[in-house]
Amino acid sequence: MISNKEDYKEYLQSDLRSAKIQKWKWQFRYKHEILKFQRLLRKIEYYQNCKNDLFSKIHLLFLKYRYKKISLKMGFTIPKNVFGPGLSIPHYGTIIVNPRAKVGKNCRIHASTNIGEINGEAPIIGNNVYIGPGAKLYGAITVGNNVAIGANAVVNKSIPDNVTVGGVPAKIISEKSSKAMIVEGHK
């Protein structure tokens, strides 16, 4: 969670590295809509967690309005303070994440994904996790570090570290980790 200006800058840099971009350039604002969305998400997290003066609260309302508009345009329902640094969203499309979920650093999440809750309990997802298109994760589960979740998998049980899962319901299908599927934005 972003707790100061240095964290904010590191989250932005990690998100850029996960998108294989070294430095944000002003021209990107027209080409990279997803990165624009992520930068706005991180800015809202920074203002909400770190700024408390009246001007900042008014500015936060404006940022939330812009965030809602761009979220609807892209099909993203991604709440604040859920994803760690190094978030990678490669494609437009529906992504729904419950606000109670917690996701570690370097997560790559694809379209048509749902991270939901059951009885008020949402998943806790580790670091370096690849979530394939159409995957569904729900309930009081823990997903370990370096896990790859296959396309259209339904994950309703906890998953250990360094495995690949797939199917409905998801089962371990390989002892390979997610290392080849993600770009580590945050070391």
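Tutor: The model is a predicted one. Start with I118, which sits in the loop joining β5 (113-116) to β6 (124-125). Apart from residues up to four places away in sequence, I118 touches Y138 and G139. Its C-alpha atom is 23 Å from that of G93, a residue 25 places away along the chain.

Setting aside neighbours within four places in sequence, N114 is in contact with I96, A135, K136 and L137. N114 and G167 are 53 residues apart in sequence, and their C-alpha atoms are 15 Å apart.

Other loops have backbone details to check. N152 lies in the loop between β10 (148-149) and β11 (154-155), and its phi is near 60°, a positive value in a residue that is not glycine. N162 likewise has phi near 60°; this residue is in the loop between β11 and β12, and its relative accessibility of 36% makes it partly exposed. In the loop between β12 (164-166) and β13 (171-174) is P169. The peptide bond leading from V168 to P169 is cis, with omega near -10°.

Now the helices, with α3 as the one to follow. Helix α3 covers residues 33-50. Its 18 residues, at 1.5 Å a residue, should span 26 Å, and the C-alpha atoms at its ends are 26 Å apart, so the two agree. Buried residues of α3 include I34, L35, F37, L40, L41 and I44. The charged residues E33, R42 and E45 are among the buried ones too.

Helix α3 packs against α4 (residues 54-74) at an angle of about 150°, with the axes 10 Å apart. Angles over 145 degrees count as roughly antiparallel, so α3 is roughly antiparallel to α4. The crossing of these helices is left-handed. From α3, the residues making the contact include F37, L40, L41, I44 and Y47; from α4, they include L60, L63, Y67, I70 and M74. Sorted by class, the contact of α3 with α4 has 11 nonpolar, four polar and six charged residues.

Helix α3 also meets α1 (residues 5-18), where the axes come within 10 Å and cross at roughly 165°. That angle makes α1 roughly antiparallel to α3. This crossing is right-handed. On α1 the contact is made by K5, Y8, Y11, L12, D15 and L16, and on α3 by L35, Q38, R39, R42, K43, E45 and Y46. The classes here are six nonpolar, one polar and six charged residues.

Terms used: Residues numbered from 1 in each chain as written. Predicted model: local features only at pLDDT ≥ 70, side-chain atom pairs only at ≥ 80, totals over all residues. Heavy atoms only, no water. Axes fitted to C-alpha atoms, helices over the stretch in contact; angles between N-to-C directions. Helix = DSSP H or I, 4+ residues; strand = E, 2+ residues; numbered from the N terminus. Parallel < 35°, antiparallel > 145°, perpendicular 65-115°, else oblique. Left-handed = near helix turned anticlockwise from the far one by under 90°. Contact = heavy atoms within 4.5 Å. Expected span 1.5 Å × (residues − 1). Buried < 20%, exposed > 50% of the residue type's maximum accessible area, 1.4 Å probe, protein only.
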